[in-house]
Amino acid sequence: MNTNSKQPARTIDADDKISALISNSSAIQALASAVEGTLGPKGLNCMLVDRFGDVTITNDGSTILDRIEANHPAAGILIRAAKSQDAEVGDGTTTTVVLASALITEGINQVSRGVPVTKVIEGMSIAVQKALDVISKAATPITGLDDPILRQAAYISGRECADISDLVVSAIQLIGKDILMDPAFRLADAIVAKEGAENEVFMGLIIDKERMNSLMPHEAINPIILVVNDALEPEQMEDDALGTESGFARYLHLQSEFKAGIQKIINMGVKVVAVYKSVSDIAEEMLTDAGVIVLRRLSSADLTRIAEHTGARGIKRTSLSKPADELLRFTGRCQRVYEDERLEHTRIIGGAGKPAATILVGASTREVKDERKRIADDAASAAQAVVKGGSTPGGGSIEIAAAREVYALRESIRGMAAYGAICVAQALKKPLSQIVTNAGFNPLEKVEDVITAQSSADSISLAINCDTGEVADMCKLGVFDPALVKMHALKTAAEVAEAILRINTIIRKRESDQPAIGGM
C-alpha cells in the first residue's frame, strides 16, 4: 500500500462499528440453536454425523458441544466456557449456552440503539450479581441423603429415567456425604455402562480388563494386591551389548534378578498384580503357576483408582529388588477380586483404602449404552451438586424470579447502565421461554403468565407444567434444579457475554513464521 497517496476519507457508520459484534453474535446464536431444542422435559434429540457416517443421537448438550463442528472463534469461546461448566459442576451446559446467547443478543440490541458497550457491560455486571443473590437465597439444603428432593433432582437432570435416578441415590447413600463434599471427588466418574448388564450399585471398582490368561484363577478372596506402574519384564539391553561376553553375562544377571523379584512377589503372598504395561513370558508363567491374577496394560487412571481403593502404592519394576518386608508396605488389600466372564471385566470389592462405589448402568445396544451413560453422568452430577449446595425450584422458575428482581433493580441504577440490567432481565426469561417452546406452547404468552402469577402469589416456584401448559408450582410437581449448577451457568454465561461484547475488531493474525512489517 502506498501510504503517501491521497485517498478519500471513509466514513465509519454505525453498522461498521458493530460489525464484529454482529458476526460474533451470529456464530453464538447458531451454536445455541443446536442445543436449545434439547432443553426441558419435552426437548428433542440431536443427531451428530461424522465424515465416516458414524451417528450419535443424543439429548445431552455437553456431548453436542463437544462434537459439533464450529469454526468461528466466538463459537469456540462459548464451547470452551461450556466445557468448563461441565468440568466444574458436571451439568448445565445447555443452560449456559442459552443464557450466553441471550445476553449477547440483548447486549447487541442495546448497542445498536446507541448505548455504549461499556455501559451495557457495567449494567450487566450489577444485574448478574443481583440474580446470583436471588438464586443463592432461594437455595434450600437437603435434610439428609434420604431427602426426596435428592432423587427428584437426579430424576429431572437424568431426563426422567427413574431407574438411573434410583441408582444414583443408592450410590450417594452408600458413599456418604463426606466423600461427596470432597472437591476432588466426582460421582459421575463412578458410572460404568455395559451392554447386557443389569443395573447395580456396589462398593468397589470395575476394571475393564480380564485376567491375563484363562489358567489364572478367576477369583481371589482377601488378596494382597501389588500395583506396578511399569512393565513387568526384565530390563532391556541393546542387541550390540548382547554380542559381547560381558554383555551376555549382564543379560543373564538381569534375567536371574528379575526371576528372583517375581518369586519374591509370590513368597509375599501377593494374589493380584495390576500392571501398567506388558508382562514378560517369564513373569506370566511364574505367576500363573503360583495362582496369581494378573491384569495388564491398564490405564494410568485405572491404576490410580486401584491404588486408592486398596491402599496400595504404585512401584516401578526396579523396586522388585527391595527387601520383601519393605516391598510389602507398598501393597494393598481388598475383600475380593473376581472376573465377570460374561461382561468381560474384573471387579475389585471392599478395598482397604479410600471407599469407592460403582454405578453399573445396563443397556441393550452400544448406542443406548452411550446415551444412558450420558444420562447417568448428568443425574449423578446434579445430585452431587444438590448435596453440596442445595436445590432451587426448576422448570425455569428461579430465572423468572431473578428477572423480576433485576427489573426492580434497574430503577436504582443510574445512567445508561440500566440498559445492561434490562439485557440480563430479558436473558433470564430465555430458559423458561425455550422450555415452553419445546413443549409446543406460545413462549410470549406463557412467560408473561408466569411473571404475573409469581408476582400475584409472591412465589418463586411457579412455572409452566409442560404437559398441560398451565402455571404450576414446580416444588409440588417435584421439579428441582441444583443451585450450584444454576449459579455457575449464569456466571459462565455472563463472563462469555462480556468477553464477546468487548470485541470491537476482528483481525486475522499473521502466520508465526512470517516476518512482521519492517522485519528482516
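Trainee: Is Ser278 buried or exposed?

Mentor: Keep in mind that this is a predicted model. Ser278 has a relative accessible area of 17%. The cut-off for buried is under 20%, so Ser278 counts as buried.

Trainee: Where does Ser278 lie?

Mentor: In a loop. That loop runs between strand E7 (270-275) and helix H12 (281-289).

Trainee: Which side chain does the Ser278 side chain make a polar contact with?

Mentor: The side chain of Glu233, at 3.1 Å.

Trainee: And which residues does Ser278 touch, leaving out those up to four places away in sequence?

Mentor: Ala231, Leu232, Glu233 and Arg297.

Trainee: Switching to cysteines. How many disulfides does the structure hold?

Mentor: The count is 0. A disulfide would be a covalent bond between the sulfur atoms of two cysteines.

Trainee: What about Cys334 and Cys423, buried or exposed?

Mentor: Cys334 is buried, at 5% relative accessibility. Cys423 is buried too, with a relative accessible area of 0%.

Trainee: Now helix H16. Where does Ala403 sit, buried or exposed?

Mentor: Ala403 is in helix H16, which covers residues 397-409. Its relative accessible area is 3%, so Ala403 is buried.

Trainee: Which residues is Ala403 in contact with, beyond four places in sequence?

Trainee: What lines the largest cavity?

Mentor: Leu99, Ile135, Glu399, Leu428, Lys486 and Leu490. By class, that is 4 nonpolar, no polar and 2 charged. Leu428 is in this lining, and it is also a contact of Ala403.

Trainee: And the largest pocket, what volume does it have?

Mentor: About 940 Å³. Its lining has 39 residues. Leu39, Gly40, Pro41, Ile156 and Ser157 lie nearest the centre.

Trainee: What classes make up that pocket lining?

Mentor: There are 13 nonpolar, 15 polar and 11 charged residues.

Trainee: Which elements supply at least two residues each to the pocket lining?

Mentor: Among them are helix H5 (93-112), helix H7 (148-157), strand E15 (480-482) and helix H21 (483-501).

Note on methods:
Residues numbered from 1 in each chain as written. Predicted model: local features only at pLDDT ≥ 70, side-chain atom pairs only at ≥ 80, totals over all residues. Heavy atoms only, no water. Helix = DSSP H or I, 4+ residues; strand = E, 2+ residues; numbered from the N terminus. Buried < 20%, exposed > 50% of the residue type's maximum accessible area, 1.4 Å probe, protein only. Polar contact = N/O pair within 3.5 Å; in protein donor to acceptor, adjacent residues only side chain to side chain. Contact = heavy atoms within 4.5 Å. Disulfide = S-S within 2.5 Å. 1 Å grid on protein atoms, 1.4 Å probe; cavity = no way out; pocket = protein on both sides within 12 Å on 5 of 7 lines; lining within 4 Å. Points joined across faces, edges and corners; volume = space filled by probe spheres on them. Nonpolar A, V, L, I, M, F, W, Y, C, P; charged D, E, K, R; others polar.
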